[in-house]
Amino acid sequence: MEYMQAAVLTAFGSTEVFEFQTIPKPVPKATQVLVKVYATSINPIDYQTRRGDYKDLIRLPAIIGVDVSGVIEAIGEAVTHFQVGDEVY
């Protein structure tokens, strides 16, 4: 099994609620891709989620954030428009 580092939201609150953890690297499902993240950003939905504005929609622990750029590391068997090594954002 392969592992990766992740900033995991373990509770709602200030920035201190994140914990850096080593977790199993996900395996993409049929229509998914796995991206090795080189850069990310924080937008309003991220800090609103962290402070608990959407706590009825988020199951903890959670890895949040959707703004990333990087390189596709693995693809699901049904993915046809991307390939391993593609740069994405």
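Okay, so first, the model is predicted: local features need pLDDT of at least 70, side-chain atom pairs count only at pLDDT 80 or more, and totals for chains, interfaces and linings use all residues. Residues are numbered from 1 along each chain as its sequence is written, and side-chain values use heavy atoms, with hydrogens and water left out.

Let's start with salt bridges, meaning a side-chain nitrogen of Lys or Arg within 4 Å of a carboxyl oxygen of Asp or Glu. The count comes to three. What are E2, K25 and E73 linked in? They're in a network of salt bridges. K25 pairs with E2, closest N and O atoms 3.4 Å apart. K25 sits in the loop between β2 and β3, E2 in the segment before β1, 23 residues apart. (Strands are DSSP E runs of at least two residues, helices H or I runs of at least four, numbered from the N terminus.) K25 also bridges to E73, at 2.8 Å between the closest N and O atoms. E73 lies in strand β4 and K25 in that loop, so this pair ties together parts 48 residues apart in sequence.

On accessibility, buried is under 20% relative accessible area, exposed over 50%, and partly exposed in between, using a 1.4 Å probe and protein chains only. E2 is exposed at 54%, while K25 is partly exposed at 23%, and E73 is partly exposed at 30%.

The other bridge joins D53 and R51, 2.9 Å from N to O.

Now the sheet. It's open, three strands, ordered β3-β4-β5, with antiparallel pairing; two strands pair if DSSP finds at least two bridges between them. The edge strands are β3 and β5. Two bridges join β4 to β5, and G70 stands opposite V88 in β5.
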